[in-house]
Amino acid sequence: MSDVKRIATRESYGNALAELGNEHDDIVVLDADLAAATKTGIFKKAHPDRFIDCGIAEANMMGVAAGLAASGMVPFASSFAMFAAGRAFEQVRNSIGYPHLNVKIGATHAGISVGEDGASHQCNEDIALMRVIPGMVVLNPSDDIEARAAVRAAYEHDGPVYMRFGRLAVPVINDRPDYKFELGKGVVLRDGKDLTIIATGLPVCNCLEAAEKLAEDGIDAKVINIHTIKPLDEELIVEVAKETGRVVTVEEHSVIGGLGSAVCDVLAEKAPTKVMKIGINDVFGESGPALELLHKYGLDTEGIYNKIKTFV
């Protein structure tokens, strides 16, 4: 897919914020001294009077965001996923989640594809952390178009939202006229009858490519894009599991507590199905080029294809 347009979803986040800021004067963007990396600097340039740099104090930033939300503003608190979900977890839980305040958390640099920054910054636990907070919506878009739509949907939703964005530029796969983003609804990207691949975020594109390779082997794979981890599209997941009888989940996140766990929770209760989870297998990451890390951890097209072949 070398000729396909690529853009990092963190860039999409910054662009979407600037656009929304033109339409709504109640939006205020907070950042923790990372505006150039999270791309909130795009909003800062367009709306400097509604941008607050809280410094390297993520926990305090979440408290400020909570106060702004309680005052009727719609704050977007932004930092790396490791800091937004990890360092500030207690403030997100108690100051935002518990009172169910209208705070949007924009977490960039999630997953193994953070690359050279290494294990300390490669947050593969954030979906698990945010899923467990009552009332928290969790979004993990797959490309530029979906990321922009997710930011808009987050603004329109009344309540706390966690949005997960990546550092690595990824192919645009949702550039079609009928594309529609709806909170809590999965998207069928490819039909198939032999098994279902349920993916989220960065690997969705790789799953589509893996499905084409599987088709050459006579394996017909359905591909589902789950951009909303919570609330999960349980109806669709049960439906496709019953149709194909086998499910593979794929995520750039730990196999513990993320999309795979959420899917297994649903299927165990409503439609017991054989499931294989592809993701980060209970290990920390390491420093290296993003694409090489995705290959090493089996999250590129080849890795996903090989694992599914073994499963089938």
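This is a predicted model: local features need pLDDT of at least 70, side-chain atom pairs count only at pLDDT 80 or more; totals for chains, interfaces and linings use all residues.
Residues are numbered from 1 along each chain as its sequence is written, and side-chain values use heavy atoms, with hydrogens and water left out.

Helices (H or I, at least four residues) and strands (E, at least two) are DSSP runs numbered from the N terminus. Two strands are taken to pair if DSSP finds at least two bridges between them. On this basis 7 strands form an open sheet of mixed pairing, in the order β3-β2-β4-β5-β7-β6-β12. β3 (51-53) and β12 (228-230) stand at the edges with a single partner strand each, so one side of each lacks a neighbour in the sheet. From one strand to the next the twist averages 20 degrees, where axes are lines fitted to C-alpha atoms, for helices over the stretch in contact, and angles run from 0 to 180 degrees between N-to-C directions. Strands of a sheet pair through backbone hydrogen bonds, either parallel or antiparallel.

Strand β2 (residues 27-31) runs parallel to β3, to which 3 bridges join it. Within this pairing, Val29 has Phe51 as its bridge partner, and Leu30 stands opposite Ile52. β2 also pairs in the parallel sense with strand β4 (residues 74-80), over 5 bridges; here the partner of Leu30 is Ala77. Of the 5 residues of β2, 5 are buried, buried meaning under 20% relative accessible area, exposed over 50% and partly exposed in between (1.4 Å probe, protein chains only). Ile27, Val29 and Asp31 point one way from the strand, and Val28 and Leu30 point the other way.

Met61, in helix α4 (residues 58-70), is buried at 0% relative accessibility. Contact is defined as heavy atoms within 4.5 Å. Leaving aside residues up to four places away in sequence, Met61 touches Leu30, Asp31, Ala32, Cys54, Ala77, Ser78 and Ser79.

Asn124 lies in the loop between β5 (104-108) and α7 and is buried at 2% relative accessibility. Beyond residues up to four places away in sequence, its contacts are Gly111, Ile112, Arg164, Glu252, His253, Ser254 and Ile280.

A search of the whole structure returned 2 aromatic pairs. The rings of Tyr13 and Phe165 are stacked, since their centres are 4.7 Å apart and their planes stand at 25 degrees. Rings of Phe, Tyr and Trp (its six-membered ring) pair if their centres lie within 6.5 Å, and planes under 30 degrees apart count as stacked, over 60 as edge-to-face and the rest as tilted. Tyr13 belongs to helix α1 (residues 9-23) and Phe165 to the loop between β7 (161-164) and β8 (170-171), so the pair ties together parts that are 152 residues apart in sequence. Tyr13 is buried at 0% relative accessible area, and Phe165 is buried at 2%. Phe80 and Phe83 form a stacked pair, at 5.9 Å centre to centre and 10 degrees between the planes. Both are buried, Phe80 at 7% and Phe83 at 13%.

Most residues other than glycine have a negative phi, and most peptide bonds are trans. The bond from Lys230 to Pro231 is cis, with omega near 0 degrees; Pro231 lies in the loop between β12 and α10. Lys39, in the loop between α2 (35-38) and α3 (41-46), has a positive phi near 70 degrees. Asp282 has a positive phi of about 55 degrees and is exposed, with a relative accessible area of 62%.
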